[in-house]
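Please read it alongside the sequence and the coordinates.

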Amino acid sequence: MPRRFASRNDNYTFIMNRIQEKIKEDKKLLSIYFTAGYPKIDDTVSIIQNLEQSGVDMIEIGLPFSDPLADGPTIQASSTQALKNGMTTELLFEQLKNIRQSVRIPLVLMGYFNPIFQYGVDAFCQTCQDIGIDGLIIPDLPIDVYEEQYKATFENYGLINVFLITPQTSDERIRHIDSISKGFIYMVSSASVTGSQSGFGEAQRRYFKRISDMQLKTPQIVGFGISNNETFTQATQHAKGAIIGSAFIKHISKKGINTISDFIKLILN
Amino acid sequence: MNYNINTRGYYGEFGGAYIPEMLYPNVEELRQNYLKVMDEPEFQKEFNQLLKDYVGRPSPLYFAKRLSEKYNTKIYLKREDLNHTGAHKINNTIGQILMAKRLGKHRIIAETGAGQHGVATATVCALMGLECIVYMGEIDIARQAPNVARMKMLGAKVIPALSGSRTLKDATNEAIRDWINNPIDTHYIIGSVVGPHPYPDMVARFQSIISKEIQWQLQEHEQTSQPDYIIACVGGGSNAAGAYYHFLEDTDVKLIAVEAAGLGVNSGESAATSVLGREGIIHGSKTLLMQTKDGQITEPYSISAGLDYPGVGPMHSHLYKTGRAEFMSVTDDQAMTAGLELCQLEGIIPAIESAHALAVLEQKSFQPNAIIVLSLSGRGDKDLETYINHFKL
C-alpha cells in the first residue's frame, strides 16, 4: 500500500516530520500556544508568522472549544471569545490553507476531541496533512481509544499524536507512553489546569528530575506554569523544551499581536 | 441484547472515559476500587442502615387511586419525593460519601444545577464531617437562592461558575477542573449517571435501590414483581436509571423515558437530547449530546432546572439507540399542568422534573389493567416560585 506521508509542500515524510527534525536540533525549544480566532478572528496567520520570525521553535494552534475541561480561566476566556468571533474548524483550515508557503517550523493543532469527532477523524487528519500540520494534541482522547481506533489513521496521514504525562502518572504508564510516542511527550508540570501556576517549587524540581532519570527515548517538553525567562530556564534544565500558553495569551490580549517579538525576546533573552 | 454496562465501561457504543491525563489517576483509582468497595459487607451494612434510618427508605410505592381513575389504568407512584432532602439524589450522595471515606478522601466537591444535588451532597458532608465545595453556575445561584442558603447552612462552600454559559454544564467543568487541581485528597461526587466511567455505573448502582424496592413492593400490591411500564423523567438520567435498573434485561417491562421539550422540541428552547442530540463527548463520556454542527456544546432550556443538561447518561443513549426505552418529550406547559393535576387529585406537590413524567399520562393511553410505576423523583417545594409565576397563584 502506498503511504501518503509526503506532504505537498516539502519532502519531509512521516518517518522524519518537522517535529522530529526540530527535536534533533541542539538547543532548548520554545513552543507557543495560542487560541485560533483570538483576539481577532483573522489573526491566526499573522500570529504564526510573527512567532516564527521572533525565533519560536514550534507552535500549538488551539482549536477553540465551548467546554475546555483542562484549561484555566485565561485559555477558557480566549476560547469563548474566539467562538464568539465565529471561529470554526472549517474556517481555521481555510485560514491555514497556504500557511506552508510562509512558515517552516512545526505546527501542532491542539483541540478537544468532540469538534474533531464531529468533523470526522479521518477527514480531519487528511486536511491536517494537506495543510502541513505535523502533530495533534487532544487532551481528552484516551490512550486506549487512540491505539485501538485512531492510531492507523493518524499514521496514515503522517501526524504525530502527542501524549501528556503529569506528576501523578505512574512510571509504568510513562514507559508505555514513551513506547508509543513519536515526537515529544507533553510533560504537564504540576497537578493543575493551564495558567494556574507561577514559578516552580521543590515538588516540581523532584518531578523533573524523576522523569529525567527515567531516560526516556522520547524528548519531553514541559507545559503549564511557564511564563517568563526564569521558569523557561528551570523547565528546560532537564527537558528538551517548554510550552507557553496562558502567559502568551495574556500578553496579546493586553498588548496586541504587534508586540509578539517583545514577549518572545523576554523569554529567550 | 445486553442493556447494562460492559467490562470496558460502555453501554453498547456509549460511555467510556474520555478524560485528560490529569484526571486519569483519580478516575482510575475509583474504577479499580468501586465494585470491590460496594461489595464489602461492611459497606453494604452502613449504606443500607443510612438509607433506612437517615433517608427514610423504603420510600412508599403508593397506588394513586384518583389519578388511576382519571386515566383508566393502574398507576403507582414511587415516592422518592419523601426521601430526606426531598428527592432521589440522596441515595447516590450517601453511597458516594461512604465510597470517598473508604478511599481516604477528606475533601468533597460537587456540581449542581438547581441545587438539589448540591444540597444532598452538603447534607452527607455535614453528616460525615467532611469539607464540602459545591460549584454552581452564577446564573443558577441567582435563580435558586433558597437552595444556595440551604447548602451554606449545611456548611458547604458554594463557588460560582463564571465560565461559559454559567449554568450546570459549566459548574460541572469547574468541578472537574477542581479535581484536576486536587488529585490526591479530593473525591468528586457527580450527581447523575453521567461523566467518565465508572461514574455512570456507580451512580446507577447506588440509585438501583429504587427498582429493587419496586420489585418487592409491587409483589405485595399486585402479586407480581413486574410492572407493565416504568415511567421516569430524564435529565442526566439518575432517577430513571435507578427505576429501570433491575428491569433492564426484563423486556416484558416497558421503559418510558421523558425528556424536557421546553418550549417545544423544535423551538430552539428545548432539552430533548435524544431528539436534538448527536453522538459526541461531554464531561468524559461518549453519549448523545446537543451541539452545533461544529461540535460546540449548546445550552439547553427547560422550565425545570433539573432537566436542562445538554447530554444524557450513556445508559440512556444506549436504551434510546436500541429501542429498549421509548423516549417521549413534554413541554413546560404540559409538565406544569400535570404537576398541578397531581396536587389536586392526590394531594402531592411534585417537583417540576417529576411532573414531566406525569404528563405522559395525558399523551399516551394505557390499557385499564396495565400496571404503571411512575418515578416521582422529587417534591415540589423548591419549585413553588415557578408554580406561582406560571399559574399566577
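Is B:Lys74 buried, partly exposed or exposed? With a relative accessible area of 25%, B:Lys74 is partly exposed, where buried means under 20% relative accessible area, exposed over 50% and partly exposed in between, computed with a 1.4 Å probe on protein chains only.

1. Basis of the note. This is a predicted model, in which local features need pLDDT of at least 70 and side-chain atom pairs count only at pLDDT 80 or more, while totals for chains, interfaces and linings use all residues. Residues are numbered from 1 along each chain as its sequence is written, chains are lettered from A and ligands numbered from 1 in the order in which they are written, and side-chain values use heavy atoms, with hydrogens and water left out.

2. The salt bridge of B:Lys74. The side chain of B:Lys74 meets that of B:Glu222 in a salt bridge at 3.0 Å, N to O, the term being used for a side-chain nitrogen of Lys or Arg within 4 Å of a carboxyl oxygen of Asp or Glu. B:Lys74 belongs to strand β4 (residues 74-79) of chain B and B:Glu222 to helix α10 (residues 209-222) of chain B, so the pair ties together parts that are 148 residues apart in sequence. Helices (H or I, at least four residues) and strands (E, at least two) are DSSP runs, numbered from the N terminus. B:Glu222, with a relative accessible area of 18%, is buried.

3. A further link between strand β4 and helix α10 of chain B. B:Glu213 forms a salt bridge with B:Lys78, with 2.6 Å between the closest N and O atoms. Here B:Glu213 lies in helix α10 of chain B and B:Lys78 in strand β4 of chain B, 135 residues apart, and the pair links distant parts of the chain. Both B:Glu213 and B:Lys78 are buried.

4. Salt bridges in chain A. Over all chains the count comes to 37 salt bridges. One of them joins the side chains of A:Asp171 and A:Arg210 at 2.8 Å, N to O; because A:Asp171 lies in helix α8 (residues 171-180) of chain A and A:Arg210 in helix α9 (residues 202-213) of chain A, the pair ties together parts that are 39 residues apart in sequence. A:Asp171 counts as partly exposed at 40% relative accessibility, and A:Arg210 counts as partly exposed at 28%. Elsewhere, a network of salt bridges links A:Lys22, A:Glu25, A:Lys27 and A:Asp57.

5. The interface. Between the two chains, 37 residues of chain A are in contact with 34 residues of chain B, contact meaning heavy atoms within 4.5 Å. The area buried between chain A and chain B is about 2,900 Å², of which carbon and sulfur atoms give 52%; buried area is the accessible area (1.4 Å probe) that two parts lose on being put together, summed over both. Four salt bridges are counted between chain A and chain B, and A:Asp67 and B:Lys169 meet through their side chains in a salt bridge of 3.0 Å, N to O.

6. The side of chain A that touches chain B. At least two residues of this side are supplied by each of α3 (73-85), α4 (89-96), α5 (113-119), α7 (143-156) and β6 (164-165) of chain A. The largest share, five residues, comes from α5(A). The residues of this side divide into 20 nonpolar, 11 polar and six charged, where Ala, Val, Leu, Ile, Met, Phe, Trp, Tyr, Cys and Pro count as nonpolar, Asp, Glu, Lys and Arg as charged, and the others, Gly among them, as polar.

7. Aromatic pairs. The count over all chains comes to 22 aromatic pairs; rings of Phe, Tyr and Trp (its six-membered ring) pair if their centres lie within 6.5 Å, and planes under 30 degrees apart count as stacked, over 60 as edge-to-face and the rest as tilted. A:Phe113 and A:Tyr150 form an edge-to-face pair, 5.6 Å centre to centre with 65 degrees between the planes. A:Phe113 lies in helix α5 of chain A and A:Tyr150 in helix α7 of chain A, so the pair ties together parts that are 37 residues apart in sequence. Both A:Phe113 and A:Tyr150 are buried. Ring pairs also link A:Phe113, A:Phe117, A:Tyr150 and B:Tyr18 into a cluster.

8. A buried glycine. B:Gly313 is found in the loop between β12 (285-289) and α13 (314-322) of chain B, and at 0% relative accessibility B:Gly313 counts as buried. Leaving aside its neighbours within four places in sequence, B:Gly313 is in contact with B:Val193, B:Val194, B:Gly236 and B:Thr287.
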